[in-house]
Amino acid sequence: MSQTKPKKRRAPFECQRCNDCCQGRGGIFLEAQEIAPAAALIDLSPDQFIARHCRAREGRYEVLAGKDGACSLMGPQGCRIHQAKPAICRRWPFFPGILANPSAFEDARQACPGIDPEVSHEEFVAFAREQGFSEETAE
Ligand code: SF4
Ligand code: SF4
């Protein structure tokens, strides 16, 4: 008698590298200490990096967006500073508001194909905690 193997579920979140979250819908900021590591990844000095990609704002550096709205640090292969990308980009989609609020989670799920369309909010929150994120941890 043959047995059907149970279907393996995908992870609650697995980035599909669609780059949709890099299209400039929200402010992306780098802290001062994040500039040098990011600049080094694309062979720029910190000053060159700031001049080409940032606007100083309220003590931080907002990453510029092009006319099409895409982040200026996005390249053909995705984020050009992936290993040193801003904290907000590392954190997505485990933002405190998304972990605390099921309706914000639904909005995130609609926006991000990396979130399993079948995962419940509770399962997503549990997975986020396994990754070290919670409603309380800052972005
Ligand atoms: S929108 Fe989601 S799947 Fe697409 S690049 Fe961003 S995190 Fe990854
Ligand atoms: S810094 Fe990188 S990950 Fe963040 S929005 Fe820009 S391209 Fe996307």
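User: Start with H5. Which residues are buried there?
Analyst: This is a predicted model. In helix H5, residues 102-111, the buried ones are Phe105, Ala108 and Arg109.

User: Where do they sit around the helix?
Analyst: Look down the axis of H5. The buried residues fall within an arc of 100 degrees, so they line one face of the helix.

User: And what does the face turned away from the buried side carry?
Analyst: Exposed residues: Ser103, Asp107 and Gln110.

User: Buried or exposed?
Analyst: Gly132 counts as exposed, because it has 8 C-beta neighbours inside 10 Å. The cut-off for exposed is 12 or fewer.

User: How far apart are Gly132 and Phe94?
Analyst: In sequence, 38 residues. In space, 9.7 Å, C-alpha to C-alpha.

User: Let's go to H1. Which of its residues are buried?
Analyst: Ile35, Ala38 and Ala39. Seen down the axis of H1, these buried residues fall within an arc of 100 degrees, so they line one face of the helix.

User: What covers them?
Analyst: The cover over the buried residues of H1 includes S1, H2 and S3.

User: How do the axes of H1 and H2 cross?
Analyst: H1 spans residues 32-41 and H2 spans residues 46-53. Their axes come within 8 Å and cross at roughly 90 degrees. H1 and H2 are therefore roughly perpendicular to each other.

User: Which residues meet there?
Analyst: From H1, Ile35, Ala36, Ala38 and Ala39. From H2, Pro46, Gln48, Phe49 and Ile50. By class, that contact has seven nonpolar residues, one polar and no charged.

User: What does the backbone do just after H1?
Analyst: Asp43 takes a positive phi there, about 55 degrees. For context, most residues other than glycine have a negative phi.

User: What about phi of Glu58?
Analyst: Glu58 has phi near 50 degrees, a positive value in a residue other than glycine. Glu58 lies in the loop between strand S2 (54-57) and strand S3 (60-63). Glu58 is exposed, with 7 other C-beta atoms within 10 Å.

User: And Arg17? What is its phi?
Analyst: Near 55 degrees, also positive in a residue other than glycine. Arg17 lies in the segment before strand S1, 29-30. With 11 other C-beta atoms within 10 Å, Arg17 is exposed.

User: Now the ligands. Which residues surround ligand 1?
Analyst: Arg17 is one of them. Cys15, Gln16, Cys18, Asn19, Asp20 and Cys21 are also in the shell.

User: Which residues are around ligand 2?
Analyst: Cys22, Ile28, Val63, Cys71, Leu73 and Met74, along with Cys79, Ile81, Lys85, Pro86 and Cys89. By class, the shell around ligand 2 has 10 nonpolar residues, no polar and one charged.

User: Back to Trp92. Is its peptide bond to Pro93 cis or trans?
Analyst: Cis. Omega from Trp92 to Pro93 is near 5 degrees. In general, most peptide bonds are trans.

User: Where does Pro93 lie?
Analyst: In the loop between helix H3 (87-91) and H4.

User: Zoom out. How many helices and strands does the chain have?
Analyst: Six helices and five strands. Read along the sequence, the pattern is β-α-α-β-β-β-β-α-α-α-α.

User: What box do the C-alpha atoms fill?
Analyst: Roughly 65 × 35 × 25 Å, along the principal axes.

User: What share of the chain counts as buried?
Analyst: 23% of the 139 residues.

Technical notes: Residues are numbered from 1 along each chain as its sequence is written. Chains are lettered from A and ligands numbered from 1 in the order in which they are written. This is a predicted model: local features need pLDDT of at least 70, side-chain atom pairs count only at pLDDT 80 or more; totals for chains, interfaces and linings use all residues. A residue is buried if 20 or more other C-beta atoms lie within 10 Å of its own, exposed if 12 or fewer, and partly exposed in between; C-beta atoms are placed from the backbone. Helices (H or I, at least four residues) and strands (E, at least two) are DSSP runs, numbered from the N terminus. The arc is that of the directions from the helix axis to the C-beta atoms. A residue is near a molecule or strand if its C-beta atom, placed from the backbone, lies within 6 Å of it. Axes are lines fitted to C-alpha atoms, for helices over the stretch in contact, and angles run from 0 to 180 degrees between N-to-C directions. Angles under 35 degrees count as roughly parallel, over 145 as roughly antiparallel, 65 to 115 as roughly perpendicular and the rest as oblique. Two residues are in contact if their C-beta atoms, placed from the backbone, lie within 7 Å. Ala, Val, Leu, Ile, Met, Phe, Trp, Tyr, Cys and Pro count as nonpolar, Asp, Glu, Lys and Arg as charged, and the others, Gly among them, as polar.
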